[in-house]
Amino acid sequence: MHLGGFFSVFNAAAIKSVDFYKGAFPAIYGGRLSSVVDIKMKDGNNKKLGASIDLGLLNQSVTIEGPIVKNKSSFIVSGRTSTVGLASLLAGRNNAGSGERYTYWFYDLSAKVTHKINDTDQIYLSFYNGFDRFRYTEWLSSGNGQQAKTGIGNIWGNSTGTVRYSKMFSPKLFSKTTFLYSHYTSAFKNEFSGSGEQANDMLFRNTDAAVNDFGLKFQLEYFPSNFVDLKIGADFTRHIFNPFTTASNYTTNIQRSVTRRIYASQVDGFVDAGIKLLVTCE
């Protein structure tokens, strides 16, 4: 979420549909502890080129879509950024010899390419990248020429990429094979600088952490009748955790400490059956 949840991480201009399960969600979403939000991105228009611009008080977005090969391949690209950062520049204070400033800014970019190989096979490539940046700066100048400046910054964001191949064996049997990658990172920076007759130092301490996931999913979907939907599949995910990497020169020399990476593998299988019931009242 952007700005601690004030802005959604999803750009509405790029969303096709949203399914929300607050509990008792289907087995296909196994491994989750609470609610599930299933969001599907739009396919680009494969007939004509188009664009839209959304201007708001707090954020703006631009979306471009169109055909790569008419009636066969299409693309959609949607980007969004905020004006909160521009407004935050006015929120600081600047007195004689001292001051402070807050700045915040975020952006996200979504893209998708759809290609129809033939009447039964399709391939999809999608990408998402979004980051938030916050910084607080404070400075103080004394009458004897000494100056001190302190800065605190935080950066966090996500990047994901997906390749999906779908095949129709018959009007009742479909398959989906998906390879996905996701990367989450969070970095914290603390800086101090002083200058004057007795000090001329620049001290810093940077800490960052990250999580990387590589996944492979396979799913078969079978419709034995108009009232039954059967899904069978398996997932494999490789997790790579980078807990902390810290660089600092608070001592005489620059020191760097790296926490050992943690690896974990996850394998899931599922069988999910959906049944539609028709109830008539007379």
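Predicted model: local features only at pLDDT ≥ 70, side-chain atom pairs only at ≥ 80, totals over all residues.
A residue is called buried when its relative accessible area is under 20%, exposed when it is over 50%, and partly exposed in between, using a 1.4 Å probe and protein chains only. By that rule Arg-80 counts as buried, because its relative accessibility is 10%. Residues are numbered from 1 along each chain as its sequence is written, and side-chain values use heavy atoms, with hydrogens and water left out.

**The chain as a whole**

- The chain has one helix and 14 strands; helices (H or I, at least four residues) and strands (E, at least two) are DSSP runs, numbered from the N terminus.
- Of the 282 residues in the chain, 28% are buried.
- Contact means heavy atoms within 4.5 Å. Take the contacts in the chain between residues at least 6 apart in sequence: 59% of them join residues at least 24 apart.
- Accessible areas come from the Shrake-Rupley method with a 1.4 Å probe, and for residues only the protein chains shown count as cover.

**Strand S5 and its partners**

- Strand S5 covers residues 73-82, and seven of its 10 residues are buried, so S5 is largely enclosed by the rest of the structure.
- Two strands pair if DSSP finds at least two bridges between them. S5 pairs with strand S4 (residues 59-69) in the antiparallel sense over 10 bridges.
- Within that pairing, Glu-65 has Ile-76 of S5 as its bridge partner.
- S5 also pairs with strand S7 (residues 98-116), again in the antiparallel sense, over nine bridges. Here Val-77 stands opposite Ala-111 of S7.

**The turn between S4 and S5**

- S4 and S5 form a hairpin, with three residues between the two strands.
- Asn-71 sits in the loop between S4 and S5, and Asn-71 has a positive phi of about 65° although it is not a glycine.
- For background, most residues other than glycine have a negative phi.
- Asn-71 is partly exposed, because its relative accessible area is 43%.

**Salt bridges**

- The structure holds nine salt bridges; a salt bridge is a side-chain nitrogen of Lys or Arg within 4 Å of a carboxyl oxygen of Asp or Glu.
- One of them joins the side chains of Arg-80 and Asp-108, at 2.5 Å from N to O. This pair links distant parts of the chain, with Arg-80 in S5 and Asp-108 in S7, 28 residues apart.
- Asp-108 has a relative accessible area of 1%, so it is buried.
- Asp-119 and Lys-116 also meet through their side chains in a salt bridge, at 3.9 Å from N to O. Asp-119 counts as exposed at 67% relative accessibility, whereas Lys-116 counts as partly exposed at 32%.
- In the salt bridge of Arg-135 with Glu-191, the closest N and O atoms are 3.2 Å apart. Arg-135 lies in strand S8 (residues 121-141) and Glu-191 in strand S10 (residues 173-195), so this pair ties together parts that are 56 residues apart in sequence.
- Arg-135 is partly exposed, with a relative accessible area of 30%, and Glu-191 counts as partly exposed at 27% relative accessibility.

- Patches are made of residues with over 30% relative accessible area and no salt bridge: like charges are joined within 9 Å, and nonpolar side chains (Val, Leu, Ile, Met, Phe, Trp, Tyr) within 5 Å.
- A nonpolar surface patch of about 840 Å² includes Ile-68, Val-69, Phe-214 and Leu-216.
- S4 and strand S11 (200-225) each supply at least two residues of the patch.
- Val-69 lies in S4 and counts as partly exposed at 43% relative accessibility.

**Asn-242 and its surroundings**

- Asn-242 is found in strand S12 (residues 228-248) and is buried, with a relative accessible area of 14%.
- Leaving aside neighbours within four places in sequence, Asn-242 is in contact with Ala-209, Ala-210, Asn-212 and Arg-261.
- The side chains of Asn-242 and Arg-261 make a polar contact at 2.7 Å. A polar contact is a pair of N or O atoms within 3.5 Å; within protein, one must be able to donate a hydrogen and the other to accept it, and residues adjacent in sequence count only if both atoms are side-chain atoms.
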